[in-house]
Amino acid sequence: LMLISAGKPGFAEIAKPEGKDASLNLVDFTRDGRKVLFTESDREGLPDFLVPRYTGKEVTTSSFKGGVGKTSVGIAPTDTGAVVCVKLPGDGRFFLGDVSLSPDGKRACVERFSSNHKKRELYVADTDSGKAQLAFEESSKTWVEGGLATTRWMPDGHRIVTTSEKDGWNHLYTMDPDGKDLQKVTGGEWEIRWFDLDPSGEYAYFLANKDDHHQWQLFSLEFRSKRITRLSHRTGTYENPVMSKDGLSIVAEFSDFAKPGELVCLSTGPARMPSGSSTDGPDLRLESNGEIQLTQSVPDEFKHTGWVIPEIVHFRARDGNWIPAMIYKPRDFSPAKKYPVVVFVHGAGYLQNVYRGWSYYYREYMFHHRLTQLGYVVFEVDYRGSAGYGRDFRAGVYLHLGGKDLDDELDGLAYLGS
């Protein structure tokens, strides 16, 4: 880890890896510039796996180290002094989550997940001594989903805001840095995918499927009253939001069925448009809800294709759960006729595909359109294990892929037959 002083020649090494298979990653500077927070990942001792590549007449191989390596968190001074390591219990083999400095730089919040992903912990460490205190923990009989967890310091440093699925759905919680006074600030059968905090600390802004599991919209939350206000109003899905430094606006990607993503800018409050913004340019368009569309990247030919719009339906699975699905029908579809059916099964891992947005599987979406032109009905299911429907729906495939997920597909076909 090197430090370069602006306007001065040369650089200084302030931290280096402990082993030959270790690497460092810069996290942040304290506001006074006197300390640097970093992480170290060490894969020494992990087994090597060889991967053959069959190209042409010769077979070549590459290798990678598999398994859970050792991870540590350190604080390095930018002038003189020794590196301080955050003192976490255990052997150092875990998956690292969010790591962030408090606004005053005196504390660091470190999130980690056990190697089997059944436990999540938040530690708050003193950046002078490295001494860490457990502030929050949750565990699961299946697994804690790391991709949903986010943790932030309040701007004044007095509270920590995090998300958790501990009650079945991913929601916002606040707590003191020592873990006391844990408060749940959002709730309901919907989940949050992203949040950020207003510089004043009075509001949080988040992305959630609150009003419809198949649309991801942006909302504001006033902490004092816990009042939630919807900021976005177009039918569809907003993704990858980024809040401006002053908290006045959010830029996100908006999409819908047959509408690939375009960048849009939203105000975070009534009549709050970012300073210097204008809708006079040829590439900017002010929507009726005050939203500014920043890009116009979809060709007219694509817009005028007349893409098939799937119908979102829900059916009962054999265990009584409601399962979401989509049906793509030919334009001249008649309920009195019989049609061949093609079933599309989205990839596992963890995602949602039954939603109003430009799908990760956009190539398949266009192929589905072609199949309907040829007289097919296309059917796809967000089976158990899919994202967007809470912890228990996600974890229904634990240790048994080909169980409830396959049942959901078969029950969907039975629903079509009815």
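**Note on cavities and cysteines**

1. The largest cavity has a lining of nine nonpolar, four polar and two charged residues. Its volume is about 80 Å³. Bear in mind that this is a predicted model.

2. How many cavities of 30 Å³ or more does the structure hold? There are two. The second largest cavity contains about 50 Å³ of space.

3. The lining of the second largest cavity divides into three nonpolar, three polar and four charged residues. Arg 120, Glu 138, Glu 145 and Glu 165 are among the lining residues. Val 144, Leu 148 and Ala 149 also line the second largest cavity, as do Thr 163, Ser 164 and Asn 170.

4. On to the cysteines. The structure holds zero disulfides. Cys 109 is in none, and the nearest cysteine sulfur, that of Cys 85, is 18 Å away. A disulfide is a covalent bond between the sulfur atoms of two cysteines.

5. Is Cys 109 buried or exposed? Cys 109 counts as buried because its relative accessibility is 1%, and the cut-off for buried is under 20%. Cys 265 also counts as buried, because its relative accessibility is 6%.

Conventions: Residues numbered from 1 in each chain as written. Predicted model: local features only at pLDDT ≥ 70, side-chain atom pairs only at ≥ 80, totals over all residues. Heavy atoms only, no water. Disulfide = S-S within 2.5 Å. Buried < 20%, exposed > 50% of the residue type's maximum accessible area, 1.4 Å probe, protein only. 1 Å grid on protein atoms, 1.4 Å probe; cavity = no way out; pocket = protein on both sides within 12 Å on 5 of 7 lines; lining within 4 Å. Points joined across faces, edges and corners; volume = space filled by probe spheres on them. Nonpolar A, V, L, I, M, F, W, Y, C, P; charged D, E, K, R; others polar.
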